[in-house]
Amino acid sequence: MVDKKIVLVTGASRGIGMGILDYLAGKGLYTIVGTSRGEAGVDLISERCKQHGVEGCGLRCDLTDQSSIDELVSSCHSRYGYPQILVN
């Protein structure tokens with residue numbers, strides 16, 4: 001069995017980011033971590049991953065804040081491993 005690649009999708013709670021999350025989740029080949037600035041977006045991303053039946057979650061991140069990015073990478077790594085694909 002091949003390990004699923006970990007994909008980090010920024011802005012996955014709306015617009016193009018959400019479309020990319022849905023597309024990748026529909027393929028069922030990836031573990032998806034999506035980012036949002038707010039908790040409502042984080043919850044939405046986690047729910048969409050569940051709806052698609054894929055492993056993944058939403059994590060809060062402000063990409064203009066380095067400490068927020070560091071926390072995102074740390075959280076992603078502790079849950080799934082380091083992201084191998086970035087969709088920004």
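Me: Why is Cys-61 called buried?
Reply: Buried means under 20% relative accessible area, exposed over 50%, and partly exposed in between (1.4 Å probe, protein chains only). Cys-61 has a relative accessible area of 4%, so Cys-61 counts as buried. This is a predicted model, where local features need pLDDT of at least 70, side-chain atom pairs count only at pLDDT 80 or more, and totals for chains, interfaces and linings use all residues. Residues are numbered from 1 along each chain as its sequence is written, and side-chain values use heavy atoms, with hydrogens and water left out.

Me: What is Cys-61 in contact with, leaving aside its neighbours within four places in sequence?
Reply: Contact means heavy atoms within 4.5 Å. With those neighbours left aside, the partners of Cys-61 are Thr-35, Ser-36, Arg-37, Ser-68, Ile-69 and Leu-72. Cys-61 itself sits in the loop between strand 3 and helix 3 (66-79).

Me: Why are helix 1 and helix 2 called roughly parallel?
Reply: Angles under 35 degrees count as roughly parallel, over 145 as roughly antiparallel, 65 to 115 as roughly perpendicular and the rest as oblique. The axes of helix 1 (residues 15-27) and helix 2 (residues 39-52) cross at roughly 25° and come within 9 Å. Helix 1 and helix 2 are therefore roughly parallel to each other.

Me: Which residues make that contact?
Reply: Helix 1 brings Met-18, Leu-21, Asp-22, Ala-25 and Gly-26, while helix 2 brings Leu-44, Ile-45, Arg-48 and His-52.

Me: How confident is the predictor in the protein chain?
Reply: pLDDT is the predictor's confidence in each residue, from 0 to 100. The protein chain averages 94, and 98% of the residues score at least 70.

How values were computed: Axes fitted to C-alpha atoms, helices over the stretch in contact; angles between N-to-C directions. Helix = DSSP H or I, 4+ residues; strand = E, 2+ residues; numbered from the N terminus.
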